[in-house]
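Hi,

Here's the structure I promised to pass on.

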Amino acid sequence: MAARLDKHILDNGMVVLGEPMDAVESVAFGFMLPAGASVTPEGFCGAPSVISDWIFRGAGDKSSRELGDALDGLGLHRAGSVGSAHLSLGAALEASNLSEALDLYADIMVRPSLQDEEFEPARQLAIDGVHSLDDDPRHKVMIKLREHFYPHPLGRSTIGDIAELESLSAEKARGIVKERFNLSQTIFAVAGKYDFDGVCRQLEGLFVRRRRKRQAPAGAVEVGSKGGPQGAGKYTHIDDDSAQVHIGLMTDAVRLVDADYYNARVAVSVLSGGMSARLFTEVREKRGLCYAIGARYHALKDAAGIMCYAGTTPEKAQETLDVITGEFNRLADGISDDELARAKVGLKSALILQSESSGSRAGAIGSDYYMLGRVRSLDEIKDAVEATSVDSVVGFLRNKRFEDFTVVTIGPKKVTTNT
Amino acid sequence: MEFKKKILDNGLRLIGEVNTSAKSAAIGFFVKTGSRDETSEINGVSHYLEHMLFKGTEKFSALEVNEAFDRTGAQFNAFTSEENTVFYAAVLPEYLDEVTKLWIELMRPALRDGDFDMEKNVIKEEIAMYKDMPSFDVMDRCRSLHFDGHACGHSVLGSEQSIDDLTAEQMRDYFARRYAPNNIVVACAGDFDWEKVCSIIEEPCGKWREQASARKLEDCAGSGKSARGEKASLAREHICLMSGGMSAQDDRRFAGSLLAAVIGDDVGSRFFWELVDKALAEAAAMQFAAMDGTGAFCSYIRCGSENVSQVMDIVRGVFKSVADNGVSEDELRKAKNKILSALVIKNELSMGRLVDLGFNWTYLEQYRTIEDDIEAIKAVTVDDVHAVIEQYNPGEFTQFSVGPGQSS
């Protein structure tokens, strides 16, 4: 299955990527704007989530209501998100409506109305989102974990900070849109059923001919020292009268560009790839400590980690944490041939199963391009997974022991960490 | 697409939709049993039993089962609802035979005492986990209040008490009654060899003994009661509203889904423009759930305590306006477009197709192509929606809320 990759760079620098899929009638697209949480000016944490709402409240010659009705009329399913590096805007829809959808999204990005009276509700919803996180400790613990694990500002909350949101003005937010909605650094990805030449011509018309001025690249992110926004320690506890202690734990991992990347992915799969993987077996099956337990690889461009979540009732929290860290450390003692084989087939089939979804593929090719400056084919990834061996994975694990864990807990009881 | 069907002498129904352009295949065992088939003494047993199927058979331990699945790279799991327990796997086509054999084995589990005792801990952790998710908790409690006394109000998870009290013997008895071949549909979707799959299933599953497993069906209009739970540490008010609706066997179910989208789709609906766009509530969504012999409209709304009375006034206003003036052609058109594209996108995955295929057979004993569903949605008229509103006024709802203590 040698998939085709379409690529074109517009005159303004916007990268256009596409992966055609024969078997589908849908198309998914996404614009990755360099306006994520980590590149928001200091003191305005949460601004991207306000902006991602505000820009939909009227654009081009359409009012908020007209724009919403036009998007709904196309039956598209919005798929926007705020990440560390990007504010992503996109949708999945029936292929015949793609061209009309791109017209609307160009207006949203290039000609948003950004009216004062629409700013307040957008900001209020962002503030509400932060409040709501208190009622969702499982989600909150992972947001806090990223904040504490990644060097500031890479791990900054994508949801926001109430005090900083309260100090955000419409004027300031407009300035952020102007500075960060930089088309020359935007990646556009499309997957499914589309005509690439037609898409490129349309984007050229929407983003280049209408806007002659080429924007200067926005400033790069300055990465601070490790330890989170308040220079917090490696263990943070947030007291809450929840039924469970929600445990988030994260440790360093190699980045996507690293030679050991696939060894790391296989190692994480041995740890938590399937139901026979070590964490599920040791924590849940043998000891009955948790219902939800799992670890996964998480990567930003400039840093990466293995993040783990477990939720357990207070009296079991300490044992749960100890078993988890024990399993991380035990990996370097060796893995079996059978574990390696299961990890490989798990990674490969997940890749192929995901490749049937236009939304997944659009996201994957955009993310690859941002991380690597190119898009890996499915075959390249499969071959690289296949090329790992027990020796390569164990060698990697011994070379880079999991010694430092950043731990965050939310619940009625603290745990003791060894780090 | 090619539809296939075979019914074994013991009542086990095998169905399949072959799509040779798919890169994957999916198989599911749809057992028509859930919390509504329980008594209060054994509440939670369906879901607990779903967990226990993964604990192995006379031949295999739990670890061996998990390893065997993982060797196929399968994305496999199970879920339990009020009326179904579904075991499924999506795999690359070359592994379908193997996962099919595994599921067949697991459908006749050992249900060992030791595994039962250990898994009880996991079930209780799951109950605790959902207690920390008020958006889930409020819906569960609203369902109980709405179906007041009707079996559909039984909690899927059960309570800590009912799980503590449950014995392995009670579970074995429930299993023997409910996991009968005549109460199970096996469905396949994606790229697979139908004859091969049948040959794998027929011999072992043909030995399963037929049982009387009929479910008593009674419609339920809902209690219309209102109640609130408090927890001091909650930051927001979580509100759930439920009202009666059509069953899964009722052709008006498509109009029901469209009505729910007009009133409460995530974006662009009446709730969206009246509540979310104005930042009075951060979430306000309505869904329609067609069930076996009954159905319900269900809304979830989340807002700050200070906005509760204003939000509820607006919600009542939306319901009243829909009841008095109906919905517009334009609203219906947008709702159709959204539901149609969601349907197409979902069915592009073998797993998504499997779920529709299996449930259509479970509820209707009927094969419906994607095109059948598309046509049925397109054919709904404004008058059809109005007829639904007339019979099932969403303004007559049961309400359950959870939120922080109210300051007087």
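**Where the chains meet**

The contact between the chains (contact meaning heavy atoms within 4.5 Å) takes in 61 residues of chain B and 66 residues of chain A. Before you read on, the housekeeping: this is a predicted model, so local features need pLDDT of at least 70 and side-chain atom pairs count only at pLDDT 80 or more, while totals for chains, interfaces and linings use all residues. Residues are numbered from 1 along each chain as its sequence is written, chains are lettered from A and ligands numbered from 1 in the order in which they are written, and side-chain values use heavy atoms, with hydrogens and water left out.

Chain B and chain A bury about 5200 Å² between them, with 56% of that on carbon and sulfur atoms (buried area is the accessible area, 1.4 Å probe, that two parts lose on being put together, summed over both). On the chain B side, B:Glu125, B:Asp132 and B:Trp273 lose the most area to chain A, together 13% of what that side buries.

There are 10 salt bridges between the two chains (a side-chain nitrogen of Lys or Arg within 4 Å of a carboxyl oxygen of Asp or Glu). One of the salt bridges pairs B:Asp277 with A:Arg57, the closest N and O atoms being 3.1 Å apart. By class, the side of chain B that touches chain A has 26 nonpolar, 15 polar and 20 charged residues (Ala, Val, Leu, Ile, Met, Phe, Trp, Tyr, Cys and Pro count as nonpolar, Asp, Glu, Lys and Arg as charged, and the others, Gly among them, as polar).

**Inside chain B**

In the contact between them, 40 residues of domain 1 of chain B meet 37 residues of domain 2 of chain B. These two domains bury about 3100 Å², and carbon and sulfur atoms give 73% of it.

The rule finds 3 salt bridges across this domain interface. B:Lys32 also turns up in a salt bridge with B:Asp292, at 3.7 Å between the closest N and O atoms.

**One residue in chain A**

Is A:His86 buried or exposed? A:His86 is buried, with a relative accessible area of 9% (buried is under 20%, exposed over 50%, partly exposed in between; 1.4 Å probe, protein chains only). Beyond its neighbours within four places in sequence, A:His86 contacts residues including A:Met32, A:Pro34 and A:Tyr370.

Cheers
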